[in-house]
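Here is a friendly briefing to read alongside the model. Please keep the sequence and the 3D view open as you go through the points.

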Amino acid sequence: MECGAHRVLARSTATKREVVLKNGTEVFEAWENPPAPVYMQFYFFNLTNPQEMLDGERPAVVEIGPYTYREYRPMEEVIFQDNGTKVTAVNTKTYIFQPNMSWGPESDLIRTVNIPAITVMENFKNHTVLANLISAYMKSKAEGLFVTRTVGELLWGYEDGLLKAIKLFIHDLDDVFGLFYKSNASNDGEYVFFTGQQNYKDFARVDTWNGSSSLNWWTSDECNMINGTNGASFHPVITKDEMLYMFSSDLCRSLYALYEEDVTVKGIPGYRFIPPSTVFANLTVNPANAGFCVPTGNCLGSGLLNVSPCKNGAPIIMSSPHFYQADEKYVKDVFGMNPEKEQHETTIDINPLTGFILQAAKRLQVNVYVEKISTFSQTGNVRTVVFPVVYLNESVVIDDTSATKLKVIVVEHNVLVNIPFMLIGAGIILGIIFMFLICQKKPPESTAADEEPLLTS
């Protein structure tokens, strides 16, 4: 029993020691160039009642998608430092359209809100003279609250007429707009990761991002913290009571996930972790989120995050798809919302021994804050609403080759874990058999010679 325990401890210790970012190892190669195929799917919300929305009715949308892209995300410009305890890298992401996995071509047209126009109107709404000039220009160019563009343009960028006109006066303004403009064949900045050499729990943990160990968009030190990994890797020997922290540059913040249930992926055991509703809860539910209210005290309902401070002032609000886990108000404000846990929840399935991701799905929705602005007639009598534009599903499943290798590690560990119990079980069975044989052994039968002689007279 004691020998078996030592073997189990040795296996766990070996795993902690082996799962380190070190040049030339399989762990490093998988981190540097992930073998499992990653897919990014986009689902757009096509507006079907633009005039009614301008007149004050609630918007009605129809979900269209997916538009699927294969995502390649190698770590580049990799440099080890501090005697191998840290590594610097940029995570370049490239998206290649997959027509056979998509609803239609990138040339499909989508009607949605005019995000560049809304951004301009929000920024100049309190400057009456400038607002009147911009509004007059928009009228002359038939620019309004809505726009119809192709999927490719909305995602990767198009030259916007209004932004181009304003650029004549604000020279450093970019006149190209796209939801993921400059995100293809690009990276989100330089990371410094811990390698896990000194502490296994520091494996792939972010030390700094773009030269800083904290953020500056939010109004509290806690909300500005950079915690955890970048969500692509986790430390080995994970327990069910852990909080797994991740930093997401898409969300401009750190978040955490909690254990939900045991799962099996391609025959490999795993733990499913999910971000709980408290991560995006209103400060009345989770006071720690007060720092995400920007400006200070300007708080949205649960399930939403105002990311305008890190999106160049654009009135962008992030949520889960279809406002899953958000206040019911946001679901009811838009006809066509149908939140479902299975379809719209972010999940991460991890092998607890190695920390390797078996399966994951990051699901986020991009929304725009829309309101009536008195200095811009283009907003009509529109009601205040958080309008859904698109949601994404970034997913991955462990590849077969990696799964085969991981199975060997898991089986070896399971054998070591179970040896003591197998020995105990074998001992008990042998003991039972021995007792059974003893009990079955009958005493010798008595003979006539052994019987007591009869009394004679």
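**Cis prolines**

Proline 295 is found in the loop between strand 14 (268-274) and strand 15. Strands (E, at least two residues) and helices (H or I, at least four) are DSSP runs, numbered from the N terminus. The model is a predicted one, in which local features need pLDDT of at least 70, side-chain atom pairs count only at pLDDT 80 or more, and totals for chains, interfaces and linings use all residues. Residues are numbered from 1 along each chain as its sequence is written, and side-chain values use heavy atoms, with hydrogens and water left out.

- The peptide bond that leads from valine 294 into proline 295 is cis, with omega near -15 degrees.
- Another cis peptide bond runs from glycine 65 to proline 66, with omega near 10 degrees.
- Proline 66 sits in strand 2, which covers residues 61-72.
- Why point these bonds out? Because most peptide bonds are trans.

**Positive phi values**

- Most residues other than glycine have a negative phi.
- Glutamate 77 is not a glycine, yet its phi is positive, at about 55 degrees.
- Glutamate 77 belongs to strand 3, and its relative accessibility of 59% makes it count as exposed. The classes used here are buried (under 20% relative accessible area), exposed (over 50%) and partly exposed (in between), with a 1.4 Å probe and protein chains only.
- Valine 237 also has a positive phi, near 55 degrees, and is a residue other than glycine.
- Valine 237 lies in the loop between strand 11 (206-209) and strand 12, and is partly exposed because its relative accessible area is 22%.

**The chain as a whole**

- The chain holds 10 helices and 19 strands.
- Of its 457 residues, 50% count as buried.
- The accessible surface comes to about 23,200 Å², and 55% of that belongs to carbon and sulfur atoms. Accessible areas come from the Shrake-Rupley method with a 1.4 Å probe.
- Among contacts (heavy atoms within 4.5 Å) between residues at least 6 apart in sequence, 65% join residues at least 24 apart.

**Two buried residues**

- Leucine 244 lies in strand 12, which spans residues 243-248.
- Leucine 244 counts as buried because its relative accessibility is 3%.
- Which residues does leucine 244 touch, not counting residues up to four places away in sequence? They are Phe234, His235, Ile238, Leu255, Tyr256, Ala257, Phe273 and Ile350.
- Between leucine 244 and threonine 229 there are 8.7 Å in space, C-alpha to C-alpha, and the two are 15 residues apart in sequence.
- Threonine 85 has its place in the loop between strand 3 (75-81) and strand 4 (86-91).
- With a relative accessibility of 11%, threonine 85 counts as buried.
- Leaving out residues up to four places away in sequence, threonine 85 touches Phe193, Phe194, Thr195, Gln197 and Gln198.

**The second largest pocket**

- A pocket, on a 1 Å grid over the protein atoms alone, is an open set of points with protein on both sides within 12 Å along at least five of seven lines, and lining residues have an atom within 4 Å of a point.
- The second largest pocket has a volume of about 470 Å³. Grid points are joined across faces, edges and corners, and a volume is the space filled by probe spheres set on the points.
- There are 25 lining residues, and Val294, Asn298, Leu300, Asn306 and Ser308 are the closest to the pocket's centre.
- Helix 4 (115-124) and strand 15 (304-306) each supply at least two lining residues of this pocket.
- Strand 15 provides the largest share of that lining, with 3 residues.
- By class, the lining of the second largest pocket has 15 nonpolar, 8 polar and 2 charged residues. Nonpolar covers Ala, Val, Leu, Ile, Met, Phe, Trp, Tyr, Cys and Pro, charged covers Asp, Glu, Lys and Arg, and the others, Gly among them, are polar.

**The largest cavity**

- A cavity is a set of grid points where a 1.4 Å probe fits but cannot get out.
- By this rule there are 3 cavities of 30 Å³ or more.
- About 40 Å³ of space lies in the largest cavity.
- Its lining is made of Ile118, Met121, Glu122, Leu145, Tyr369, Val370, Glu371, Ile373 and Thr379.
- Helix 4 and strand 18 (357-370) are the elements that give two or more residues to this lining.
- Helix 4 gives the most to the lining of the largest cavity, with 3 residues.
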